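This report describes selected local features of one protein chain.

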Amino acid sequence: SSCVNTQTDKNNCGGCGKKCGSAQVCSAGKCINCDPKTDVAYNGRCYYLDGSGGKCVSGYELAPQSVLSSIASQFKGKTYKTKKSNNCCIWHKLIDSEKQDWGFNAGCNAPGPFPAAPVPGGAGCRNANNRNSAQLTFCQSK
């Protein structure tokens, strides 16, 4: 029998009793480091925002917009993963016919760190469907 969910439990990552370090999370059964400058650690995954136009770095995928309601405030003071954005409306994993509803009202499209957190309706983002080459993108570790 299994102790817990060894895919996401940082005290039993990949097997019972296998602990991740204090700055790590357990994602897909592996201990990974969330970059403290760019990433928010939540529920066994690292999340970041980047001006990458809907593309995520290796080992990451688009994250669902719904997660932002739990972690958005933690992005204040973080910065872009690889490059600044040119559109403040957050590109995310689409679920059903979902559209973009979160964005930055301040500090987006400028060098980080972010002076504020993204918010629903930020940057005039309500039921938007933007697809810009350097659009702000929401990614999570796989």
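## Loop residues and backbone geometry

Asn-109 is found in the loop between strand 7 and strand 8. Helices (H or I, at least four residues) and strands (E, at least two) are DSSP runs, numbered from the N terminus. The model is predicted: local features need pLDDT of at least 70, side-chain atom pairs count only at pLDDT 80 or more, and totals for chains, interfaces and linings use all residues. Residues are numbered from 1 along each chain as its sequence is written, and side-chain values use heavy atoms, with hydrogens and water left out.

Although Asn-109 is a residue other than glycine, its phi is positive, near 65 degrees. Asn-127, in the loop between strand 8 and strand 9, is not a glycine either and has a positive phi of about 50 degrees. Asn-127 is exposed, whereas Asn-109 counts as partly exposed. In these terms, buried means under 20% relative accessible area, exposed over 50%, and partly exposed in between (1.4 Å probe, protein chains only).

The loop between strand 7 (102-103) and strand 8 (119-120) also holds Pro-113. The peptide bond leading from Gly-112 to Pro-113 is cis, with omega near 0 degrees.

The relative accessible areas of several residues are listed below.

| Residue | Relative accessible area | Class |
|---|---|---|
| Asn-109 | 29% | partly exposed |
| Asn-127 | 59% | exposed |
| Ala-41 | 42% | partly exposed |
| Tyr-42 | 28% | partly exposed |
| Tyr-47 | 4% | buried |
| Phe-75 | 0% | buried |
| Phe-138 | 0% | buried |

## Aromatic rings

A pair of aromatic rings is described by the distance of the centres and the angle of the planes. Rings of Phe, Tyr and Trp (its six-membered ring) pair if their centres lie within 6.5 Å; planes under 30 degrees apart count as stacked, over 60 as edge-to-face and the rest as tilted. The structure holds six aromatic pairs. One of them joins Tyr-42 and Tyr-47 in a tilted arrangement, 6.4 Å centre to centre with 55 degrees between the planes.

The ring centres of Phe-75 and Phe-138 are 6.3 Å apart and their planes stand at 80 degrees, so this pair is edge-to-face. Because Phe-75 lies in the loop between helix 1 (68-71) and strand 6 (87-91) and Phe-138 in strand 9 (residues 135-141), the pair ties together parts that are 63 residues apart in sequence. Ring pairs link Tyr-42, Tyr-47, Phe-75 and Phe-138 into a cluster.

A charged group also meets a ring: the charged end of Arg-131 sits over the ring of Trp-91, 4.3 Å from its centre. This description requires NZ of Lys or CZ of Arg within 6 Å of the ring centre and within 35 degrees of the ring normal.

Lys-78 is in the loop between helix 1 and strand 6. A polar atom of the Lys-78 side chain lies 3.1 Å from the backbone oxygen of Asp-39.

Ala-41 belongs to strand 3 (residues 40-42). Beyond residues up to four places away in sequence, Ala-41 touches Val-25, Cys-34 and Gln-74, where contact means heavy atoms within 4.5 Å.

Terms used: A polar contact is a pair of N or O atoms within 3.5 Å; within protein, one must be able to donate a hydrogen and the other to accept it, and residues adjacent in sequence count only if both atoms are side-chain atoms.
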